[in-house]
Amino acid sequence: MEDDAPVIYGLEFQARALTAQTAETDAIRFVVGTQSLKFDNQIHIIDFDDENNMINKSVLLHDAGEIWHISGSPADKAVLTTCYSKTSESRVLTCAAVWRMPPEWESGSHESPDDSSNNPQTLELLCHLDNTTHGSVACVLWEPMGDGKRVISLAENHVLLWDLQESSTKATISSSATLEGKGQLKFTAGKWSPHHNSTQLATANDTAIRGWDLRSMSQIYCIESAHGQLVRDLDFNPNKQYYLASCGDDCKVKFWDVRHINEPVKCLEEHSHWVWSVRYNHSHDQLLLTGSSDSRVILSNMVSISSEPFGHLVDDDELSDNEESQQEDKGKEPLRDSIIATYEEHEDSVYAVEWSAADPWLFASLSYDGRLVINRVPRALKYRILL
Amino acid sequence: MSSATTPPDSDPTGRRRVHSMLKLYYGLNEEGTAAEQAESLDPCDINGPHFDPEVYLNKLRKDCSLCELMDHESCMVKQIRSLDSDMQTLVYENYNKFISATDTIRKMKNDFKKMEDEMDCLSANMAAITEFSARISGTLQDQHAQITKLSGVHTLLRKLQFLFELPARLNKCLELQAYAQAVSAHRRARCVLQQYSHMPSFRGIQDDCHVIMEQLAQQLRQKFRDGGSSAKDLSECVELLLQLDEPAEELCDKFLSHAQSRLEADLQGLEAELKDSAFTDTGGGSVQKTSPGSNPISPSSSSVINPFLSPTAGTDILEFIDRGCNEFVSSLCLVIASYQELFINRPQEGELASKNIPEMANGKLHVFVDTLAARYFSLVERRIQEEKGVGDNSLLVRALDRFHRRLQAITKLLPGSAVPSHGTEIVVRAARERIKQYLSALQTFYHDSLTDVRQALAAPRLAVGGASASGGGVTSKDATPSLPELLTSLSNFILNQLKSVLASVHLFTAKDITFSNKPYFKGEFCSQGVREGLVVSFIKFICQSSRQYCESAGDRGGSTPPALLLLLSRLCLDYETSTISYILTLTDEQFLVQHHTPVTPVTALCAEAREAAQKLLNHYVKVQGLIISQMLRKSVETRDWVNTIEPRNVRAVMKRVVEDTTSIDVQVGLLYEEGVRKAHSSDSSKRTFSVYSSSRQQIRYAPSYTPSAPMDTNLLSNIHKLFSERIDIFSPVEFNKVSVLTGIIKISLKTFLECVRIRTFGRYGLQQIQVDCHYLQMYLWRFVSDENLVHFLLDEIVGSAAHRCLDPSPMEQSVIEVICERG
């Protein structure tokens, strides 16, 4: 059974920001934000039609500036946040804002797809996450599985927890924390943990990974020199509450149990340059996606540290009754930690990878030259995991 | 018919025929009868028994002509005539013989008659002699009986006299200490006295004798116990005591316990020496100087037994073993010898030689020897264990040799004893231990020499740091030339050390060493011990520790100086290419290793070394690349590129990068070969960046370009990418300078690129990047294998910077060149 060929979509602009539309569970939809200093930046909403292997795109204007980070609200699929750089008085500052997509974007784009680029609709600004006192924003995180009322922004060395009120048109800082230390500390990435009732946050600055308790806004753990060089990204295992993955400039992907922070649980070294992005599959946490500036995307199968360890213990009794199924099971045995596939469709550095929110077997990756590639988990593996 | 045809005058055949006919007549059947009979069945055979004249005649008549018949007839007549004459001769001869026989018989009859008469006369004479003899013996009988009686009385009297004189004689012997005589005398008398003890006089004598003998035995025992006497005396003593019915077992025990006390003294002496040396080892020299009396720990017993010992404490092992051999082993041998002489090999005589004495004695001896030897061995082992210093192995080997050699004496004396094999085990253990010590010594030596190298590397490094801070790049050249020297000296050090260790270990298998021909030392020691345990383990250790440098050093540059990594990498590579096989061949030759058990093949070791070398070199590239890229990253990240001033100079960081790259190039060039590179274009440094060179492209960056322009900008680099191979940034490098430098430069430039991409540039920011890249272009191309790689990466950097520029108006190429050449 051959796997479907990857679907490639090219943007006219360079791009770094990619997210799956979290609130959308029916359609496979990705949102990409472009980076261009000279033109109006755009947000491309890319719908993937799985059955026909087709892409439908709609473009929304984002005229505030080039987009560095984008993330969608978990509650309302029309709401999203961007981090964008704004140049004023020959000073570049990265700001963050909450936006709403115009309600008619979907229908409008379908009616006249050819005109969409000529007459794109504009995002509707809901509110700014005002950061003039805190400096450039690195990223904005929505509360996972929340009601779309709380976001966190990481600005320089501050963690800011915002409450969005009046249907997200007003944002107030409910609490904040500041990372103190010598030198100029700056958060590079962060992730809001979906576990523990969404009270924990992990951030990365330089080579360290820190955990924060959002109730007290205090640091709960710190993995000093988690990577040899800069930590670029983190992700929480969606099913195992103490496990997180991190990646960085030392070309490594490391897996941590935050209860034992002295040693990583596991370490992968498959990329030949900095790893910029790491993502756990939302449903099957043995599947891990990484994107690197060596222009490769790697899909790995980390069975040994997943929440679905091999050999279903429940089945043991049944197996003794049925020899055939036992043999079958033995045939499946060699599912070890391994690289499933290396995707080389990109020709420039891949800065973002993302799993689809709707289809757990589908993912997108975005490289700097504006190429978005949508791939599937190989079918053989998919059936192996499912059956 | 044939007989008929033969001429009758042929004499021999005729005579034979006559003979045979005679035989036939007398019924004598001899050989050849069968043939004759076959012939004779023919009725025509004139000589056959079945001859039928009628048939014959008829046949003749039928067959022959008249003339032939005539001839035949005449022939027949002739034959008949000769037969007749033969017969006559025979008859005559027989008659003559008969007559002579008759004469002889008559003569014999006469002779026998004469002889009969003489015999009768002889028998008469013999009867007369018998009679006379009987008469004489009858007359002499009385006297003979008397003489016999007298002689009997005489002997008895002499015996009695002996008995009566016995006490006195015994006393005298006792006085003269002639114990042997006394005992033999008493032994002779004992039975008699025993037999006649019911008679008072004899009883008296017996009692006297008993008393005296008791005394004598007492004296003997005393003498035996004293022990001061010589072995010969002692053996005499024992023999006499045995003859005096002393129980042999008791004697054995006494003898052995006596010997034991002496041997224990020896052992204690050794032990004291051991304690002393241990004490001085831990206490140091100052304690040794203090007088033994004031020393609270010095054991009094040892100083009593060996008063001369304490000042010479800390004797070397040879001395110790020597002492052990001379004192303990030799006296043990003496004891064994004399014991065997006394109890086991004694000629068995009389009733004393009860069967079980040798057996019993032998058993006792074995137990005795075993216990003492065990103590001795434990002392020796303790002493050997103290021998930790690996300086002079010959001393230990000689000591062990002596130890082993002396134990051979015991083998000869006591064939069934387990002592020598235990001794050999000790030697084997010591040898094993020694190998382990050597291995650890080698390892510490290796570590030490690495520390030395590290220091040697660190010392000039400081100078470089200071000098380069003040702007001088000259000193960096002074710092590095020592690298190859360091490498050669390091590898020579290690090799020499290894060789000397091998030489030391080789002593164990020297021909003149007694234990070298033991199977262990011939086989296992060489292959498992020396080759695997020492040489292979050491090489593996080198690789292992080298690999650790890659892992433990961490990614942040680590504590290991990069030069050390480079040096170790070269060392491992050298090992892979030649040293390992050299060392192993050397070992195999020296030790004549016969591989009974599977050993590590050279290729496996080489592969391991190569792997280590590769890892080290990769790590070196990574570390060096990291240092440079860290510099570049800081320089990009900390600068405000939007509000920068117009570039007038190449930034200092770029100069530093080129400088560092040059010094790395020099450093690597010292240890690695140049390597291959692709052909350069005629003037690589002059190459301009394609994106900016043509005026047409400059227009594209003018503020007024059309919305379709961004597609075009991508197009060029995309087309470039399509045709150029994907670049692996952190990839394994080859063992040559160009490959190493290429790796480092790749890492650095890629970092530069990524950093540029996350910044935003103003006009002058872009121009500065242009200047910097041009500068790098001018200097870096020469280091890499494929200059296009540098071009490509630098193009990407400038292209990315242009993309990230708010006001992309590039600088004139000529201006860039001027600035760069000035810088």
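Predicted model: local features only at pLDDT ≥ 70, side-chain atom pairs only at ≥ 80, totals over all residues.
Now step back to chain A as a whole. Chain A has 29 strands and four helices. Of its 387 residues, 57% are buried. If you take the contacts in chain A with a separation of 6 or more, 51% of them involve residues 24 or more positions apart. The accessible surface of the chain comes to about 15,900 Å², and carbon and sulfur atoms account for 44% of that.

To see how one residue sits among others, look at N375(A). You will find N375(A) in strand 29, which covers residues 371-376 of chain A. N375(A) has a relative accessible area of 5%, so it counts as buried, the limit being under 20%. Leaving aside residues up to four places away in sequence, N375(A) touches P6(A), Y343(A), E345(A), W361(A), L362(A) and F363(A).

Next come the nonpolar cores. The largest has 193 residues, and those touching the most other members are F343(B), F368(B), Y376(B), F508(B), F525(B) and F752(B). There is also a second, separate core of 17 residues, with V7(A), Y9(A), F30(A) and A364(A) among them.

M119(B), L122(B), M126(B) and I129(B) make a nonpolar patch of about 430 Å². One of these, L122(B), lies in helix 5 of chain B, residues 66-176. Its relative accessibility is 48%, so L122(B) counts as partly exposed.

Finally, let's turn to charged pairs. Over all chains, the count comes to 34 salt bridges. In one of them, R279(A) pairs with E354(A), and the closest N and O atoms are 3.2 Å apart. Because R279(A) lies in strand 23 and E354(A) in strand 27, this pair ties together parts of chain A that are 75 residues apart in sequence. Both R279(A) and E354(A) are buried.

R633(B) is buried at 7% relative accessibility, whereas E637(B) is partly exposed at 32%. This pair also belongs to a network of salt bridges that links R633(B) and E637(B) with R232(A) and D249(A).

How values were computed. Residues numbered from 1 in each chain as written. Chains lettered and ligands numbered in written order. Heavy atoms only, no water. Helix = DSSP H or I, 4+ residues; strand = E, 2+ residues; numbered from the N terminus. Buried < 20%, exposed > 50% of the residue type's maximum accessible area, 1.4 Å probe, protein only. Contact = heavy atoms within 4.5 Å. Areas by Shrake-Rupley, 256 points an atom, 1.4 Å probe, with all protein chains shown as cover. Core = buried A, V, L, I, M, F, W, Y, C linked by side-chain atoms within 4.5 Å. Patch = residues over 30% accessible without salt bridge, like charges linked within 9 Å, V, L, I, M, F, W, Y side chains within 5 Å. Salt bridge = Lys/Arg side-chain N within 4 Å of Asp/Glu carboxyl O.
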